[in-house]
Amino acid sequence: MPYLTSLQGEVLQDIELLEWHDNDAAEGMVAIGFVFRQGRATAFNAVDENGLSFTAPESEYACHSL
């Protein structure tokens, strides 16, 4: 994953708990966001596997910064 490799060595700026709010099966699911100065990575439940995203969270997520 080239994008993940580009975050190597970056200083972690924030950790976010991202709570999904949409009337679907994922209601209440929590993802973890790692925020860096030059980007971000989010680990989330992708039903039968784990998912990784490198973009801003979708609007259905409520962000709880740690």
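A residue is termed buried when its relative accessible area is under 20%, exposed when it is over 50%, and partly exposed in between, using a 1.4 Å probe and protein chains only. By this criterion, 23% of the 66 residues of the chain count as buried. The model is predicted: local features need pLDDT of at least 70, side-chain atom pairs count only at pLDDT 80 or more, and totals for chains, interfaces and linings use all residues. Residues are numbered from 1 along each chain as its sequence is written, and side-chain values use heavy atoms, with hydrogens and water left out.

**Overall architecture**

- Taken along the principal axes, the box filled by the C-alpha atoms of the chain is roughly 35 × 25 × 15 Å.
- With contact defined as heavy atoms within 4.5 Å, 46% of the contacts between residues at least 6 apart in sequence join residues at least 24 apart.

**The sheet**

- Five strands form an open sheet in the order β4-β3-β2-β1-β5, with antiparallel pairing; two strands pair if DSSP finds at least two bridges between them.
- The edge strands, each of which pairs on one side only, are β4 (50–53) and β5 (61–65).
- Neighbouring strands of the sheet are turned by 25° against each other on average, direction ignored; the axes are lines fitted to C-alpha atoms, for helices over the stretch in contact, and angles run from 0 to 180 degrees between N-to-C directions.
- In general, the strands of a sheet pair through backbone hydrogen bonds, either parallel or antiparallel.

- Strand β2 (residues 30–36) runs antiparallel to strand β3 (residues 39–45), and five bridges join them.
- V47 is a residue other than glycine with a positive phi value, its place is in the loop between β3 and β4, and it counts as exposed at 80% relative accessibility.

**Selected strand residues**

- L12 lies in strand β1 (residues 12–20) and counts as partly exposed at 39% relative accessibility.
- Leaving aside neighbours within four places in sequence, L12 is in contact with F34, V35 and F36.
- The C-alpha atoms of L12 and V35 are 6.1 Å apart in space, although the two residues are 23 residues apart in sequence.
- G39 is found in strand β3 and counts as buried, with 18% relative accessibility.
- Not counting residues up to four places away in sequence, G39 touches Y3, L7 and F34.
- A C-alpha separation of 8.0 Å is found between G39 and T55, which are 16 residues apart along the chain.
- T42, also found in strand β3, is buried, with a relative accessible area of 5%.
- With residues up to four places away in sequence not counted, T42 touches L18, A31, I32, G33, G51, L52 and S53.

**The largest pocket**

- On a 1 Å grid over the protein atoms alone, a pocket is an open set of points with protein on both sides within 12 Å along at least five of seven lines, whereas a cavity is a set where a 1.4 Å probe fits but cannot get out; lining residues have an atom within 4 Å of a point.
- The largest pocket has a volume of about 190 Å³, a volume being the space filled by probe spheres set on the points, with grid points joined across faces, edges and corners.
- Its lining consists of W20, A26, M29, T42, F44, N45, S53, T55, A56, P57, E58 and Y61.
- Strand β3 supplies the largest share of this lining, three residues.
- By class, the lining has seven nonpolar, four polar and one charged residues; Ala, Val, Leu, Ile, Met, Phe, Trp, Tyr, Cys and Pro count as nonpolar, Asp, Glu, Lys and Arg as charged, and the others, Gly among them, as polar.

How values were computed
Helix = DSSP H or I, 4+ residues; strand = E, 2+ residues; numbered from the N terminus.
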